[in-house]
Amino acid sequence: MTTVTVPQVFIMRPFYEINDKIMIDDTCEFLKDSHDSSYWFYEDILAYLQIETSATSPWLYPANSIQKFLDKWNNKGELDLNKCFEKRNRAAAKPLMQQYTASYLQMMQWVKQKPLTHLVDDYKALTHELYAPVNLSERLSFVFNSIDHYHAFTTLRQLIEESEKKWAVYLS
């Protein structure tokens, strides 16, 4: 495994700050069961840096990637976050929220069969897509700014529920 500095185009709070690093792991699989910041936007960062690994480019198969994301969210993510907030454990909830918010942004971009290439610009552009939920920009800004709060979790949950329906229509 080697480490690389997160490219400037992926620096955005609440995910990465200047000089953050990620590990390049050829055995890493899409939606790795890890809340480590080394894996947020992992596939997109590797594509941006033109680093080849044995993993396929998941944005080329958006229906499959979205289904994997939704399965993980429904069977693990939402449940784990509920437990954290029931225990009022915001410290444990924060990396989970970062992970699932990052994955949500990826799905919003990957539905177009394209990787994220510039986090801030792509995020702004996504808010204008036909499949974007109403008030996506404002709602995501709220999630970004209060990532470890219960209300951010409920907002993310609503966005995922709304997007699931819109993605299905867009991909059909």
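Are Y104 and W167 buried or exposed? Y104 is buried, and W167 is buried too. Buried means under 20% relative accessible area, exposed over 50%, and partly exposed in between (1.4 Å probe, protein chains only). This is a predicted model: local features need pLDDT of at least 70, side-chain atom pairs count only at pLDDT 80 or more, and totals for chains, interfaces and linings use all residues. Residues are numbered from 1 along each chain as its sequence is written, and side-chain values use heavy atoms, leaving out hydrogens and water.

**Helix α3**
- Helix α3 covers residues 90-110 and has 21 residues. Helices are DSSP runs (H or I, at least four residues), numbered from the N terminus.
- In α3, 16 of the 21 residues are buried, so the rest of the structure largely encloses it.

**Aromatic pairs**
- The whole structure holds 17 aromatic pairs. Rings of Phe, Tyr and Trp (its six-membered ring) pair if their centres lie within 6.5 Å; planes under 30 degrees apart count as stacked, over 60 as edge-to-face and the rest as tilted.
- The ring centres of Y104 and W167 are 5.9 Å apart and the planes are at 40 degrees, so this pair is tilted.
- Y104 sits in α3 and W167 in helix α6 (residues 150-171), so the pair ties together parts 63 residues apart in sequence.

**Nonpolar core**
- The largest nonpolar core has 52 residues. Such a core is a set of buried Ala, Val, Leu, Ile, Met, Phe, Trp, Tyr and Cys residues joined through side-chain atoms within 4.5 Å.
- Y104 and W167 are among the residues that touch the most other members.
- α3 gives the most to this core, with 10 residues.

Technical notes
Helices (H or I, at least four residues) and strands (E, at least two) are DSSP runs, numbered from the N terminus. The expected span of a helix is 1.5 Å times one less than its number of residues.
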